[in-house]
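Welcome! Please take a moment with the sequence and the 3D view, and then read the short briefing on the ligand and its surroundings.

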Amino acid sequence: MPSYTAPTRDARFIINEMLDLAGYADLPGFEAASVDVTDAVINEGGKFCAEVLAPLNQSGDQEGCTRHEDGSVTTPKGFKEAFDQFREAGWGTLSQPEEFGGQGMPHVLGFAFEEFVSSANQAFGMYPGLTNGAVSALLAKGSQEQKEKYLPKMISNEWTGTMNLTEPHCGTDLGMIRTKAEPQADGSYSITGTKIFISAGEHDMAENIIHLVLAKTPGAPDSSKGISLFVVPKFLVGDDGSIGERNGVVCGSIEHKMGIHGNATCVLNYDGAKGWLVGEENKGLAAMFIMMNAARLGVGVQGLSQAEVAYQNAVAYALDRRQGRALTGPAEPEAQADPIFVHPDVRRMLMDAKAFTEGMRALCLWGALQVDLTHKAKTEEEREQADMLIGLLTPVIKGYGTDKGYEVATNMQQVFGGHGYIEEWGMSQFVRDARIAQIYEGTNGVQAMDLCGRKLAQKGGAAIQAFFKVVGDDIADAKGDNTLAPMAEALEKALGQQQAATMWFMQNAMQNPNHLGAGAHHYMHIMGIVTLGWMWLRMAKVAQAALAAGGEDKAFYEGKVATARYYMDRYLPDAGALRRKLEAGSESLMALDEDAFATAA
Ligand SMILES: Cc1cc2nc3c(=O)[nH]c(=O)nc-3n(C[C@H](O)[C@H](O)[C@H](O)COP(=O)(O)OP(=O)(O)OC[C@H]3O[C@@H](n4cnc5c(N)ncnc54)[C@H](O)[C@@H]3O)c2cc1C
């Protein structure tokens with residue numbers, strides 16, 4: 001059976017040392033996040049996930065969810081009890097606003113915990129995860145009455161939330177949705193239509209489920225400009241918060257899918273269900289985007305989470321499994337063979353995984369800090385800077401983070417040889433679970449287009465210029481240090497590749513938009529490579545300073561500097577190759593017509 005230990009030392013390094021969270025103590029909510037509190041949350045959170053959630057991961061995968069004839073759904077054995085424990089310990093309240101019963105702690109802590117939850121049991125983590133997304137949308141766009149009615153119970157996890165966008169004929173192109181919302185005399189709407197693939201859409205873990213649903217009102221434009229957002233509870237809620245009668249939404253079926261079997265992916269049939277408008281009519285997509293942005297960062301964390309748990313198991317296996325001899329001569333001559341850990345090709349896979357997971361963790365937690373600074377930083381300028389950077393990097397965290405997370409999970413399966421392909425070792429589940437993160441919350445192709453088609457050009461390119469400046473400043477600063485200078489120079493070259501790719505888009509994409517579409521995926525990966533390189537430079541700087549100070553934990557800090565070097569040697573060169581692919585443009589990619597794709601007779 002696979003195992004999981006939360007990487008608490010690394011999370012504490014990033015939060016306390018790299019981000020210096022305690023240094024923001026004069027901002028609201030941060031005053032409570034002292035180093036002691038942070039350490040306690042990280043350590044206890046990690047323990048909870050490893051001890052309560054991880055043991056249910058493999059059994060949840062094997063058992064899956066069961067739909068009954070009345071449309072009710074039972075989650076795998078142990079999930080309900082684990083969710084009771086999750087709720088009672090208040091884990092879902094960590095970073096939620098105090099006004100509605102949350103603890104108001106920085107998002108950095110909430111994100112660190114989310115990674116542990118997802119590594120331990122991704123399918124389980126999606127029940128509270130989607131609730132967080134629904135809470136974000138209601139916080140941003142709900143009326144005061146809606147907030148008071150729904151948020152306290154959602155934040156306490158007595159109720160959970162869902163997001164309902166997808167319909168059978170449309171997933172990416174939401175302008176085509178057909179679900180109807182007819183206004184009623186009492187101010188509510190009657191919602192009718194079919195939504196598919198709704199995660200956590202029906203289950204037995206909470207007393208109510210609050211669905212956020214996209215639908216069109218009569219006469220609304222039949223495009224993305226005619227979409228409105230509605231809150232539709234599974235059980236109607238009285239003015240005093242009491243649970244009332246069952247609403248007209250039922251689970252028609254659950255999908256049999258590749259992974260995340262413990263999460264119920266539902267077809268939801270709305271048949272005159274009572275719903276209430278959230279925000280303004282026809283402005284639903286913008287409201288949903290708030291929820292999706294929060295969710296996209298969460299999905300990026302899922303990419304990291306499966307890479308991490310797969311990596312931990314692969315390291316243990318590589319140290320234990322004996323095959324062949326080290327190329328430089330037997331490492332353990334007394335044994336019949338050496339551990340596979342000695343083989344450079346195995347080490348390549350493990351180092352790739354280590355460099356990705358630690359770099360990605362730093363990026364996710366840095367991103368979570370930007371989410372807080374967007375609202376809480378002292379000056380307008382700082383708030384705007386944080387908002388621009390996290391807006392720009394959200395598709396990178398989601399798209400690059402999950403592409404790479406899946407690749408790493410697959411490589412960790414490879415470390416197991418044939419045993420990785422056998423279900424009992426658990427590696428196959430990590431690969432299967434990781435795969436969905438590339439698809440939902442906007443496919444990674446859509447993330448790449450969001451980055452290149454929208455975010456690069458926003459405000460005349462202000463966000464990308466701000467990114468180039470912060471990375472460039474850190475490079476310039478690091479060049480003054482003998483150990484860091486070679487890393488800074490390598491990162492500077494990769495950043496130069498990204499700048500050249502940006503320029504190529506500016507000069508070529510206007511005249512032929514297919515050039516943008518053909519290169520967007522490559523650009524997203526170049527930016528992911530550069531951004532993780534930036535994180536590694538920052539981590540190496542902190543680690544180097546700790547080594548110079550001569551304190552404890554020497555091996556940990558030396559590991560950081562060595563892994564930073566590996567990252568610069570082995571990841572950054574790909575930026576140049578990707579830039580060349582991008583600059584090949586779209587001609588050869590779009591050259592053939594559909595006849596050429598038909599299989600020859
Ligand atoms: C397990 C699971 C859970 C899910 N959970 C939810 C949920 O909770 N709520 C919810 O609403 N939905 C959910 N989804 C739906 C998911 O978000 C969609 O499947 C996804 O957005 C893609 O939509 P689609 O499947 O219709 O694919 P399509 O939109 O048909 O896309 C097919 C392919 O075409 C590409 N493509 C489409 N349009 C463009 C374009 N303009 N430019 C470039 N490429 C394009 C896509 O990238 C993709 O590769 C879930 C799906 C799954 C499988």
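**Where the ligand sits**

The ligand lies between domain 2 (160-283) and domain 3 (288-360 + 379-443), because both give residues to the shell around it; the domain bounds come from an automatic or database domain assignment. This is a predicted model, in which local features need pLDDT of at least 70, side-chain atom pairs count only at pLDDT 80 or more, and totals for chains, interfaces and linings use all residues. Residues are numbered from 1 along each chain as its sequence is written, and side-chain values use heavy atoms, with hydrogens and water left out.

**The shell**

- The ligand is surrounded by 16 residues, each with a heavy atom within 4 Å of the ligand.
- The closest are Thr166, Thr172, Phe197, Ser199 and Thr443.
- Strand E5 gives the largest share of the shell, three residues; strands are DSSP runs of E, at least two residues long, numbered from the N terminus.

**Polar contacts**

- Here we look at pairs of N or O atoms within 3.5 Å.
- A polar side-chain atom of Thr172 is 2.5 Å from an oxygen atom of the ligand.
- In the side chain of Thr443, an N or O atom lies 2.6 Å from a ligand oxygen atom.
- Phe197 uses its backbone instead: an N or O atom there lies 2.7 Å from a nitrogen atom of the ligand.

**Cover**

- On its own the ligand has 970 Å² of accessible area, and the protein covers 61% of that; such areas come from the Shrake-Rupley method with a 1.4 Å probe.

Definitions and conventions
A polar contact is a pair of N or O atoms within 3.5 Å; within protein, one must be able to donate a hydrogen and the other to accept it, and residues adjacent in sequence count only if both atoms are side-chain atoms. Helices (H or I, at least four residues) and strands (E, at least two) are DSSP runs, numbered from the N terminus.
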